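Biologist: Could you take me through the helix packing in this model? Please keep the answers plain.

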Amino acid sequence: MSRLGLLLAGIYISLIVFCLTLAYSAGSDYKGHYVLMQLPIALQISLLHKLGLSDTLRNLSWLSAYFLLAVPTCVVLYGIGFLMEAMSKLRKR
């Protein structure tokens, strides 16, 4: 198990929790609520837009969008941490 991978994924999950907490405490500020809900997955949404797949998100709930975008991001972040640790161990040899 990669400690660095867990750290990177944990930071991302913490960012999600922080933004969702702020979004739900926004009260009647619907624009602020929308922006804070979108913020943790904004880069993934822009990638889908560049690939011409942004219409696939149009009818999804926030929960579905987070599941489809945030879970793979956590896996990628874990993989990056794993590879960085592996490269570090190889350099020490």
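Biologist: Which residues of α1 meet α4?
Modeller: From α1, the residues are Arg3, Leu4, Gly5, Leu6, Leu8, Ala9, Tyr12, Ile13, Ile16 and Leu20. They meet Tyr66, Ala70, Thr73, Cys74, Leu77, Tyr78, Ile80, Gly81, Phe82, Met84 and Glu85 in α4. Contact means heavy atoms within 4.5 Å. By class, this contact has 16 nonpolar, three polar and two charged residues. The model is predicted, local features need pLDDT of at least 70, and side-chain atom pairs count only at pLDDT 80 or more, while totals for chains, interfaces and linings use all residues. Residues are numbered from 1 along each chain as its sequence is written, and side-chain values use heavy atoms, with hydrogens and water left out.

Biologist: At what angle do the axes of α1 and α4 cross?
Modeller: The axes of α1 (residues 3-24) and α4 (residues 62-92) cross at roughly 150 degrees and come within 6 Å. The two helices are therefore roughly antiparallel (angles over 145 degrees, on a scale from 0 to 180 between N-to-C directions).

Biologist: And how does α1 pack with α2?
Modeller: α1 and α2 (residues 30-38) pack at about 170 degrees, with their axes 8 Å apart. That makes this pair roughly antiparallel. Cys19, Leu20, Leu22, Ala23 and Tyr24 of α1 make the contact with His33, Leu36 and Met37 of α2.

Biologist: Changing topic, is glutamine 44 buried or exposed?
Modeller: Glutamine 44, in helix α3 (residues 42-50), counts as buried at 14% relative accessibility (buried means under 20% relative accessible area, with a 1.4 Å probe and protein chains only).

Biologist: What does glutamine 44 touch?
Modeller: Not counting residues up to four places away in sequence, glutamine 44 touches Tyr12, Leu69 and Thr73.

Technical notes
Helices (H or I, at least four residues) and strands (E, at least two) are DSSP runs, numbered from the N terminus. Angles under 35 degrees count as roughly parallel, over 145 as roughly antiparallel, 65 to 115 as roughly perpendicular and the rest as oblique. Ala, Val, Leu, Ile, Met, Phe, Trp, Tyr, Cys and Pro count as nonpolar, Asp, Glu, Lys and Arg as charged, and the others, Gly among them, as polar. Buried means under 20% relative accessible area, exposed over 50%, partly exposed in between (1.4 Å probe, protein chains only).
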